[in-house]
Structure formats: structure tokens, C-alpha cells
Amino acid sequence: MTLAETIVSGARERSGNTTWDDAEIREPLRILTEAIEGEANLTDMGLAVFTRNATEYLANRMRVEDWLASHPGILDAPVERPTFVFGLPRTGTTLTINLLNEDPARRCFLRWEAFASTPPPRPEEFHAGPRYDAAQAQIDHSLKVMPHISAIHHEDGDSPCECQFSMAPSFVSQVFDSQYNIPSYHRWFLDEADYLPAFRHQKRLLQLLQSQAPGRWTLKNPWHPLYLDALTEVYPDARLVMTHRDPVEVVGSACSLVWNVRRMFSESVDRAAIGRDMVETFVVMIARQNDFRRRHGRNAIHDVLYTEQLRDPLGTMRRLYAHFGEELSGEAAANMQRYLDDKPKDRFGKHSYDLADYGLTAGEIRERFADYCADFDVAMSPA
């Protein structure tokens, strides 16, 4: 039995689903699993973790499809005017989504419900219950054994999480490219992958999750600039928000995060390869969102500067709301300020990194991304 067949079989066993047609995911799963086995150089534990996680992603999708099959009316409810926050990784997407999550009118994609989506939750279950408890216990354990990860990027069990985890059950998700060194999947993901099926599944998942707990969907995934055409085909009324930060800081921080994650699964991690892949991916992301703006107008995406967000977070939020013809309510603003007061930056430790570890220099990054910084008025650190 191939690794892909093992994952599908395990997902059917865990979900109890024997009828869902897996044709849509067969090719992406084949490409991914062949890269994992042939290129990733995982430890035995790393391979076991990958197999378990991939199986759980797919089992959750099968449970979702079972639920939708028995509750078909769920798919009649639209997903209206969803907001998607994105930008190069480490540019403030997490701060942005966490602030937006403080608006009671909004509905964010929570970490625990990304992995245990059925039955659809009620609002009182967002921050309590066995599914939340299990997710939080896992995070608390990770915080004890891998505190450095939370210093780089921390989520609680009920935090808004990256909606790439809603794309993972389609096996068309940047999460795999980040966690493992899989060059053939990386090339396929950037150059050939069809992103539409992943967004179609995501929308079905959101329709299920909103059936007992409605609200304006507000999601984030730094990697969305790669596939804005597919996103807006599935969500034609989507509201798009892009964050921006000095690429010298972005590239170094992103490389450090990927290295720290990959070394949990492999004893051989090539930092220079991470540096090359990050720069290449970021160049593609910028090019694709530039092309999207050329076709749809500069203001089709609302821009948020990281420096402005740190200087005036509530003012940044008010400008975001105003861009879409809305007003930030007093309740939402008060909640956002409370969040800022309760959860200061670097509360899990300071994240340190060095571009040289990844075969890169600040001068090289400044030159490579000079046009991007000029286009979006992003201040670069001095040479």
C-alpha cells in the first residue's frame, strides 16, 4: 500500500466514511506523498507525524462531507462579503486578524474548529468544550517542550488560525511546503497546482461552521497572494486586506520560522535552500498580487503598513473599516484595545534571527524587493 493509500484508508477508518469519492484529492496527495518519501528526509517520528496529520486532515473533511450530506440545507446559506487578510509572512497578519476577531460582528476561523469541524459549533463552544480543551492542551504541551515556536508565532486553541488549514484537506496548501523540504511539491504548488478545488472545499466548510454560529467571516492566510484569482472566483464579493513590512525583516523571520518547524521532523535541514525558496516564493506572491491589482484596480486590495499598525493600531483598524464603507463600533474598538493591553508583543520571548544563516544578505534583499517597497511605501531598514 502506498503512503497515499495508507492516508486515505486511515481517514476512512477514523471517520467511518466509506462513500466519499476521493478523486479530487488523489493527484495532489500523490504528488505530496511521493515528495515526502523521496525528498523530505524525515526521521521515523517525522514521517509518523506527517502521516497522522494528513490522515486527520482528510478524516475531518470526510466527516464534514458526511454532515453536509445529511444536512443539505446548509449549503443554501451564502458566505457573504468575507474578509481575507494576507501579506508576506511575518508582516502583521496575525495581529490584524486578532484585532478583527475582537469585533463581535465578525466570525473567525478558530484553531480548534479547523481540526474538529463537526458537529458545527454553537457560539458558547468557541472558548469552551472538549474540542477546545483538546486543542489547548496540545498547545500548552508544545509551549513547554518548544517554547521557541511560540516566541515566533503563537496561537491558542481558540485563536483565529490560518485558513490554509482549511485547504490542507485538499492537499493544496502551503502548510506542507513550509513544514517539509519537498522541492517537487514546491515547484508544483507554485507553477501547476489548481487552487480552485481547495477554495470550493473551504467554502463548504465555512457554510457548515456558520450554520449554528453565523457572523461575517474574517480569515487570514499570508499565502493568499499566490491564488487571488481562485479565491475571488469562489468568493466574488471578498474583501481583501494586505499587510506590508520591511522585506529584510520579513525574509529573515520567515526563514527562521520554517527552519525551526522543519527541524522537528528532519535531522537534515538545508538553511540555504530555505532562504532561496522563501525569496522565490515572495517574489511570486508580490508579482501575482500586482497582476491582480492591474486587472481589478489598485484599491481592490486595502493595504496596511506594519509600522503604522504598531504606531496606531486602532487608527489602522478604523481606516480598514472605512475603506469598505463601514464604521468601527465603540464596542469593537474597546475590545481591540483590551486585547492590545492584555497581550503585548514578545510576551513569549523575543524572536532573533540572522539572514546570513540562510545564505542571504540584507543588501541582496533590499535590491530584490526595492520596487515592492517603493510601490507600497514600505520603509526599509538602513543599510
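## Close-up views of helix packing

**View 1. Helix H2, residues 23-39.** Helix H2 has 17 residues and spans 25 Å from its first C-alpha to its last, close to the 24 Å expected at 1.5 Å a residue (1.5 Å times one less than the number of residues; helices are DSSP runs of H or I with at least four residues, numbered from the N terminus). This is a predicted model, where local features need pLDDT of at least 70, side-chain atom pairs count only at pLDDT 80 or more, and totals for chains, interfaces and linings use all residues. Residues are numbered from 1 along each chain as its sequence is written, and side-chain values use heavy atoms, with hydrogens and water left out.

**View 2. The buried residues of H2.** Among the buried residues of H2 are Ile25, Leu29, Leu32 and Ile36 (buried means under 20% relative accessible area, with a 1.4 Å probe and protein chains only). The buried residues of H2 pack against helices H1 (3-15), H3 (44-70), H8 (174-179) and H9 (183-191).

**View 3. H2 beside H3.** The two helices pack at about 170 degrees, their axes 12 Å apart (axes are lines fitted to C-alpha atoms, for helices over the stretch in contact, and angles run from 0 to 180 degrees between N-to-C directions). H2 is therefore roughly antiparallel to H3 (an angle over 145 degrees). Here Glu24, Ile25, Leu32, Thr33 and Ile36 of H2 meet Leu47, Phe50, Leu58 and Arg61 of H3 (contact means heavy atoms within 4.5 Å).

Methods
Buried means under 20% relative accessible area, exposed over 50%, partly exposed in between (1.4 Å probe, protein chains only). Angles under 35 degrees count as roughly parallel, over 145 as roughly antiparallel, 65 to 115 as roughly perpendicular and the rest as oblique.
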